[in-house]
Amino acid sequence: MTNTTSTLEEIISQEYQHGFETEVEADAIPRGLSEETVRIISAKKNEPGFLLEWRLAAYRRWLEMTPPEWASVHYPAIDYQDIIYYSAPKSQKDGPKSLDEVDPELLKTYEKLGIPLHERAILAGVAVDAVFDSVSVATTFKDKLAEKGIIFCSFSEAVQHHPELVRQYLGTVVPVQDNFYAALNSAVFSDGSFVYIPPGVRCPMELSTYFRINAKNTGQFERTLIIADRDAYVSYLEGCTAPMRDENQLHAAVVELVALENAQIKYSTVQN
């Protein structure tokens, strides 16, 4: 047996270490999906009109589509009316302005996951956007990256502060009509990460987003948009874990990578 095979078997045989659940009070909307659901999500995020209209158009397109039938994958039929499409810790209602305002239970969760959010404790050279259920909890090193003109923030923050970039590039790689789940995500996506690297800039550190699905009966619909302008470079890692449960949960994400002339994006993802 090779060392590689032995190591893999040891990892596979380990007990799942990330199956715990964090007890936090959540702000969740009722189960079910309709135009009203889409409007509620958009209102909670205080989105501009163009994005609400984009969501509604995606929802109407989704209604006309049918779920894919995979050749070798079998699972119970998904009841899309039995899913909670938005859930966020109540402590995140107005969004923390610093890590000192983040719920200590959320900070403990990411510590247990090996993702410390205090910049002094983070591995050198790695900036992290931590997403908990439907909202971003914190993004590290934003100010340091901004010194080079780099934008690294939650998708919701980008909508508020950089709407022109969101409007220009959203849906240009994975359009609403691409597939059934792309349309669903476009209608109800919650949060995710946004990255913009200016022309000729090499991002000085690794960027990473960690998605934690915590609430029961919810769907995870994150949206990631990474834009590397001409001659730019960025390396990005995305990870995701969830508690162990007997029931299934739908996770339908969309990642759009926009590399302009001579730009490079190194993208990796690791999921449980």
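## Core contacts and salt bridges in a predicted model

Val 188 is in contact (heavy atoms within 4.5 Å) with Leu 33, Val 38, Ile 41, Arg 55, Tyr 85 and Phe 221, leaving aside its neighbours within four places in sequence. The model is predicted, so local features need pLDDT of at least 70 and side-chain atom pairs count only at pLDDT 80 or more, while totals for chains, interfaces and linings use all residues. Residues are numbered from 1 along each chain as its sequence is written, and side-chain values use heavy atoms, with hydrogens and water left out.

Val 188 is also among the residues with the most contacts inside the largest nonpolar core, which has 24 residues. Such a core is a set of buried Ala, Val, Leu, Ile, Met, Phe, Trp, Tyr and Cys residues joined through side-chain atoms within 4.5 Å. Buried means under 20% relative accessible area, exposed over 50%, and partly exposed in between (1.4 Å probe, protein chains only).

The whole structure holds 5 salt bridges, each a side-chain nitrogen of Lys or Arg within 4 Å of a carboxyl oxygen of Asp or Glu. Three of them are listed here.

| Salt bridge | N to O distance |
|---|---|
| Asp 82 and Arg 31 | 2.7 Å |
| Arg 55 and Glu 47 | 2.8 Å |
| Lys 142 and Glu 157 | 3.0 Å |

Asp 82 is partly exposed at 39%, as is Arg 31 at 42%.
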